[in-house]
Amino acid sequence: MTTRLTVPTDRPYDVVIGNGVHEQLRGLIGFGLGVLRVAIIHSPTMAKQAEILREPLVSDALEVHLIEVPDGESAKNADVLAFCWKVLGEAGFTRSDVIVGLGGGATTDLAGFVAASWLRGVRFVNVPTTVLGMVDAAVGGKTGINTGEGKNLVGAFHEPVGVLCDLDVLRSLPAAELRSGLAEVAKCGFIADPTILDLIEAAPESLADASSPIVAELIAKGITVKARTVAGDLRETGDDGIGREALNYGHTFGHAVERFEHYRIRHGEAVSIGMVFVAEVAHRAGRIDQDLLDRHRSILGTLGLPMTYRPGIWEALSSTMRLDKKTRGDQLRFVVLDGLARPAILAGPDEQLILDAYRAISS
Ligand SMILES: NC(=O)c1ccc[n+]([C@@H]2O[C@H](COP(=O)([O-])OP(=O)(O)OC[C@H]3O[C@@H](n4cnc5c(N)ncnc54)[C@H](O)[C@@H]3O)[C@@H](O)[C@H]2O)c1
Ligand SMILES: O=C(O)C(=O)C[C@@H](O)[C@H](O)[C@H](O)COP(=O)(O)O
Ligand SMILES: [Zn+2]
């Protein structure tokens with residue numbers, strides 16, 4: 001079965017989910033728009049898949065460039081970005097040509113930023129190959145790279161013209177990557193759609209198999225939350241309530257953990273720790289009750305995700321968190337819950353309170 005969800009922005013685009021849907025890439029390339037060249041930016045793990053995508057495009061007389069970039073987070077830096085620009089320049093890539101991002105969230109974040117920055121913006125299609133990429137990174141138009149000072153500090157909002165989530169590719173996904181992706185799905189459950197949490201609790205044993213129907217259902221539910229949330233606040237202005245910042249639940253602390261670990265921890269794992277931290281913050285601030293705090297630990301524990309972090313490094317984490325994009329002036333801002341599916345901003349939290357929350361998750 002193929003599911004098609006539309007991201008209802010000014011320029012609506014579809015997220016297609018199903019088996020074998022990569023065959024729909026031709027339809028998204030935009031032959032009527034004068035495309036001559038396609039660049040497929042992919043991780044080494046996706047080299048074979050890149051060849052599969054390339055074949056029909058070459059048959060359509062398109063010039064296809066395969067740009068292989070380093071695996072995972074090591075692709076999200078200025079050197080790799082400059083390498084991609086060089087390939088595009090040498091290939092004579094114009095504004096009517098198209099970029100395809102093929103891989104996990106790190107690859108699609110980089111590919112999207114290449115597309116956003118080349119000639120000030122060319123069209124791009126995302127073909128995510130991890131659960132995390134499908135439910136989150138490939139949708140919504142946040143693109144970017146890391147710098148030495150922190151995660152995703154340079155980037156642009158630039159939306160894809162389409163997203164193809166081919167569930168077949170998940171067969172090769174390692175178990176730890178599946179769990180990491182499910183952390184972002186659980187996040188969608190806490191901030192917006194509690195039926196996600198009910199599903200996780202009802203069938204924990206099916207969650208170890210990336211090709212199970214329950215995982216496919218969770219992916220579709222996660223994408224639905226993401227699409228709805230970004231459509232209401234595409235540029236994260238927060239003009240109309242919390243908006244898109246809700247999707248940053250668990251990320252302020254999580255990104256600081258990723259940086260401290262030199263990106264040797266998976267994004268979803270760090271976000272899992274970050275969600276428990278911020279649930280502790282919300283509980284201590286009187287915003288959520290003990291049951292909801294406990295539910296964070298039970299859901300994330302069911303998924304096999306980490307929920308504690310190393311003690312004694314609060315200063316380092318705290319100074320990294322100050323560069324979080326939600327910070328205003330010198331005031332930290334956290335996404336917290338005021339109850340299940342009721343995300344809110346906690347601005348300028350009490351220093352002792354957040355330190356206590358850190359101590360509660362440290363071991
Ligand atoms: N732009 C956004 O809105 C957004 C949202 C969430 C996360 N992100 C970013 O996404 C990144 C995390 O994405 P991720 O979890 O996909 O990690 P990732 O891109 O690092 O991929 C994880 C690993 O899985 C491998 N892999 C990918 N697909 C595979 C497959 N089908 N079979 C076997 N191996 C496969 C990759 O080669 C890599 O080693 C982070 O950089 C995070 O900041 C961005
Ligand atoms: O799409 C969003 O908005 C998100 O915040 C989704 C997050 O899961 C994602 O990790 C995002 O890249 C974090 O955004 P950042 O602005 O804090 O870098
Ligand atoms: Zn995330």
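Colleague: How far is the Lys142 side chain from an oxygen atom of ligand 2?

Modeller: In this predicted model, an N or O atom of the Lys142 side chain sits 2.8 Å from an oxygen atom of ligand 2.

Colleague: And what about Glu184 and ligand 2, what distance there?

Modeller: A polar side-chain atom of Glu184 is 3.1 Å from a ligand 2 oxygen. For His251, the corresponding distance to an oxygen of ligand 2 is 2.9 Å.

Colleague: How much of ligand 2 does the protein bury?

Modeller: 92% of the 440 Å² that ligand 2 exposes when taken alone.

Colleague: Which elements give two or more residues to the shell?

Modeller: H6 and H9.

Colleague: How many residues surround ligand 2, and which are the closest?

Modeller: There are 14, and the closest are Asp136, Lys142, Lys226, Arg244 and Lys325. By type, the shell has 8 charged, 5 polar and 1 nonpolar. Domain 1 (3-172) and domain 2 (175-231 + 246-362) each supply at least three residues.

Colleague: Switching to the metal. Which residues are the protein donors of the zinc ion, ligand 3?

Modeller: Glu184 through OE, plus His251 and His267 through NE2. They lie 1.9 to 2.1 Å from the zinc ion. Their spacing along the chain is E-x66-H-x15-H.

Colleague: What does the pair Glu184 and His251 tie together?

Modeller: Parts 67 residues apart in sequence, because Glu184 lies in helix H6 (residues 175-191) and His251 in helix H9 (residues 251-260).

Colleague: Are those two buried or exposed?

Modeller: Glu184 is buried, at 1% relative accessible area. His251 is buried too, at 5%.

Notes
Residues numbered from 1 in each chain as written. Chains lettered and ligands numbered in written order. Predicted model: local features only at pLDDT ≥ 70, side-chain atom pairs only at ≥ 80, totals over all residues. Heavy atoms only, no water. Donors = N, O, S within 2.8 Å, 3.2 Å for Na, K, Ca; no water. Helix = DSSP H or I, 4+ residues; strand = E, 2+ residues; numbered from the N terminus. Buried < 20%, exposed > 50% of the residue type's maximum accessible area, 1.4 Å probe, protein only. Near = heavy atom within 4 Å. Polar contact = N/O pair within 3.5 Å; in protein donor to acceptor, adjacent residues only side chain to side chain. Areas by Shrake-Rupley, 256 points an atom, 1.4 Å probe, with all protein chains shown as cover. Nonpolar A, V, L, I, M, F, W, Y, C, P; charged D, E, K, R; others polar. Domains from an automatic or database assignment.
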